[in-house]
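User: I have a model open here. Can you walk me through some of its contacts and its core?

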Amino acid sequence: MPDLAAQRSSVAAFVETTKPGITRLVTITSLVGFALAAFTVDWSPGRLAVALIGCVIGTALSASGANALNQWMERARDADMPRTASRPLPAGELSPNTVLVGGSLLCVLGVGLLLAVNGPAPAAVSLACVLSYLLIYTPLKPITVSSTLVGAIPGALPPMIGWSAANGGSFASLTEAGSLSLFTLMFVWQLPHFLAIAWMYREDYAAGGYRVLPVVDRTGRATSVTILVTAALLLPATVWPAFAIDGLGWLTASVA
């Protein structure tokens, strides 16, 4: 029984490294892209169900893996931040190798499932999410405040996974107005959202050595102006999909 309890504890700890809340949000935004695109595509119910399941599971797996690998990469900095010191890796609940192998496997399974079920475009976008998040955004966070803009890119790509998955895996669908409008909406939304959180936890970010805007902007003036401007940009960003996607229109625009 103690071994079983320890095994369950390790599984729960690994699940925590995948950031289930963020993974859920990423999966939902991919699902939204799929649903909005599917209205304009002539699918049989069976094919639609298979494509939907592949999109949801593939996105969730790749997002989970990317989050786990992010925690593996940042485990030393997490240990210096009160907000993250209790995460499984800095707390010593899991070995780094376990998270490295598990996270890598989830990424491969997620991208591979999208390729097999949904086609090359969704798989390519998912791979771009993983690589840009881990190889560009994560290393930039301790170096420049511009990392926030870079990090908004992988966060904005998931709706394009769903959009292309509902269009038979076509790369051409990625350049459609509907796909681009959803990417823009998610990109703009993340900026005031993240900066507000970073302001709340600016002392933690400073302790971890991250150069986010609220850390270098001690008065908060630049942070406030940036939040105000990017929040204002949400007005056109939320309205654009209403006219870029068939079946929406003025009612959606007024709600947005």
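User: Which residues is Tyr 205 in contact with, leaving aside its neighbours within four places in sequence?
Analyst: Tyr 205 is in contact (heavy atoms within 4.5 Å) with Met 81, Arg 83, Phe 194, Ala 198, Tyr 210, Val 212 and Val 215, sequence neighbours within four places aside. This is a predicted model, where local features need pLDDT of at least 70 and side-chain atom pairs count only at pLDDT 80 or more, while totals for chains, interfaces and linings use all residues. Residues are numbered from 1 along each chain as its sequence is written, and side-chain values use heavy atoms, with hydrogens and water left out.

User: How many residues has the largest nonpolar core?
Analyst: The largest nonpolar core has 16 residues, and Phe 194, Tyr 205 and Val 212 have the most contacts inside it. Such a core is a set of buried Ala, Val, Leu, Ile, Met, Phe, Trp, Tyr and Cys residues joined through side-chain atoms within 4.5 Å.

User: And which helix gives the most to this core?
Analyst: Helix α6, with four residues. Helices are DSSP runs (H or I, at least four residues), numbered from the N terminus.

User: Switching to α6 itself: is Leu 134 buried or exposed?
Analyst: Leu 134 lies in α6 and counts as buried because its relative accessibility is 7%. Buried means under 20% relative accessible area, exposed over 50%, partly exposed in between (1.4 Å probe, protein chains only).

User: What about Ile 136?
Analyst: Ile 136 is also found in helix α6, residues 120-140. Ile 136 is partly exposed, with a relative accessible area of 44%.

Definitions and conventions:
Helices (H or I, at least four residues) and strands (E, at least two) are DSSP runs, numbered from the N terminus.
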